[in-house]
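Please read this briefing with the sequence and the structure side by side. It goes through a few local features, grouped by topic.

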Amino acid sequence: MAIQLPGGLDTPALVVDSDVLDRNISRMAERSRSGGFALRPHAKTHKCIQIADRQLQVGAFGLSVATIGEAEVFARNGVDDLFIAYPLWLDAGKVQRIRRLADEVSLRVGVESIEGAQRLGEALRGSARPVEVLIEIDSGAHRTGVRPHAAALVGKTVADAGLDVVGVFTFPGHGYGHDTQARERAARDEERVLAEAAQELRSLGFNMRVISGGSTPTVGQWRQGAVNELRPGVYVFNDATQLAMGVCSPDDLALAAAATVISTPAADRFVLDVGSKTLGSDRSPWVTGHGYLPGFPQAMVSGLWEHHAVVGLPDGVRGPRLGSVIAVVPNHVCTPVNLADELVVVRGGEVIDHWPVAARGANT
Ligand SMILES: Cc1ncc(COP(=O)(O)O)c(C=O)c1O
């Protein structure tokens with residue numbers, strides 16, 4: 001069932017259906033458990049303590065984060081096992097912060113370059129608790145990460161810098177695509193390159209305990225045995241991109257922006273009080289428009305300004321009344337969450353809580 005908006009909302013607001021959220025969280029935990037994978041969800045999607053607690057309660061072993069800032073927020077709020085799944089480049093300010101974190105929590109960090117490994121080693125020299133390192137491998141997204149054959153040299157540098165190499169990780173970002181087979185291919189790519197890299201590192205004597213992959217689109221594509229840890233993020237809420245790819249159904253959409261119809265200038269369009277400052281402006285080539293309207297699935301958000309969304313209607317389809325409040329599911333949910341102070345939590349169309357986006361803007 002589409003997210004039910006409560007009355008009296010001050011729009012625009014990000015609304016989360018707690019039943020759908022809990023179902024998404026439990027389903028992923030169950031999938032991971034039954035597949036034999038450790039689940040370490042990526043918390044950059046929600047940046048929210050209450051959601052992290054739910055993930056950890058139903059079986060996540062720890063969280064993945066993208067920045068030291070996100071790690072600091074979750075550490076302050078009691079999460080004691082964190083993986084910064086990002087190849088940090090440590091300048092003077094970040095050195096102090098990573099040292100503090102390393103003293104407070106069980107910390108894993110991603111590394112993908114010799115210089116990055118050396119800087120990390122220097123930063124953490126003499127720290128009270130050992131920090132574990134995962135070497136990042138490029139499985140086809142061509143973002144960060146080394147090719148598998150280069151993992152050994154980076155691993156050796158990490159070890160020479162006095163740090164503990166415990167595994168490899170990759171982000172199969174090329175699994176995002178209109179072609180449904182892209183997901184399966186990306187999952188096979190990550191399994192192959194992670195296995196190759198792990199083998200290179202094992203041959204140097206490293207004990208490869210963590211083989212970490214995964215993203216929301218590759219959910220369900222993983223085979224047992226190759227990867228032993230998963231890091232999906234978007235699955236908690238899902239979004240219009242996951243819907244367009246067929247990764248989720250409309251019933252799995254847990255978050256929408258509540259927006260007021262502020263103008264009905266013509267029969268074929270209306271205007272909402274949400275823009276890029278609420279929805280973000282991410283738009284993949286295979287997504288139609290700037291968001292999905294569960295109440296008006298034939299409509300298209302054809303124009304997005306900072307504070308306006310213009311929605312086009314096909315012939316014969318009636319739009320909402322001026323002043324009514326409707327739901328808009330963002331294209332990519334991580335960006336709007338990072339733009340919001342809080343999430344309005346609803347169940348059965350009633351507001352039950354307000355959750356601060358605690359790590360909002362913690363992007364350094
Ligand atoms: C390193 C890393 N791991 C995991 C994820 C989570 O994947 P998704 O957002 O598709 O759920 C991301 C997302 O960008 C990522 O960058």
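Which side chain does a polar contact of 2.5 Å join to that of Thr 260? The partner is Thr 11, whose side chain makes this polar contact with the side chain of Thr 260. The model is a predicted one, in which local features need pLDDT of at least 70 and side-chain atom pairs count only at pLDDT 80 or more, while totals for chains, interfaces and linings use all residues. Residues are numbered from 1 along each chain as its sequence is written, and side-chain values use heavy atoms, with hydrogens and water left out.

- Thr 260 is found in strand β10, residues 255-266, where helices (H or I, at least four residues) and strands (E, at least two) are DSSP runs numbered from the N terminus.
- Thr 260 counts as buried because its relative accessibility is 17%, and buried here means under 20% relative accessible area, exposed over 50%, and partly exposed in between, with a 1.4 Å probe and protein chains only.
- The contact between Thr 260 and Thr 11 is a polar contact, a term for a pair of N or O atoms within 3.5 Å; within protein, one atom must be able to donate a hydrogen and the other to accept it, and residues adjacent in sequence count only if both atoms are side-chain atoms.
- Thr 11 is also joined to Pro 12 by a cis peptide bond, with omega at about -5 degrees, and Pro 12 has its place in the segment before β1 (13-17).

**Positive phi angles**

- Most residues other than glycine have a negative phi, and most peptide bonds are trans.
- Lys 47, although not a glycine, has a positive phi of about 50 degrees; Lys 47 is found in the loop between β2 (38-39) and α2 (49-57), and counts as buried at 3% relative accessibility.
- His 142 is likewise not a glycine and has a positive phi of about 55 degrees; His 142 lies in the loop between β6 (132-136) and α6 (151-160), and is exposed, with a relative accessible area of 61%.

**An aromatic pair**

- A search of the whole structure finds three aromatic pairs, which are rings of Phe, Tyr and Trp (its six-membered ring) with centres within 6.5 Å, counted as stacked if the planes are under 30 degrees apart, edge-to-face if over 60, and tilted for the rest.
- Phe 83 and Phe 169 form an edge-to-face pair, 5.0 Å centre to centre, with 85 degrees between the planes.
- This pair links distant parts of the chain, with Phe 83 in strand β4 (residues 81-87) and Phe 169 in strand β7 (residues 164-169), 86 residues apart, and both residues are buried.

**The ligand**

- Around the ligand there are 14 residues, of which Arg 143, Tyr 176, Thr 216, Gly 233 and Val 234 come nearest; a residue is near a molecule if one of its heavy atoms lies within 4 Å of it.
- An oxygen atom of the ligand is 3.3 Å from an N or O atom in the side chain of Lys 44.
- An oxygen atom of the ligand also lies 2.6 Å from a backbone N or O atom of Gly 233, and a ligand oxygen atom is 3.0 Å from a polar backbone atom of Val 234.
- Taken alone, the ligand exposes 380 Å², and the protein buries 93% of that, with accessible areas coming from the Shrake-Rupley method with a 1.4 Å probe.
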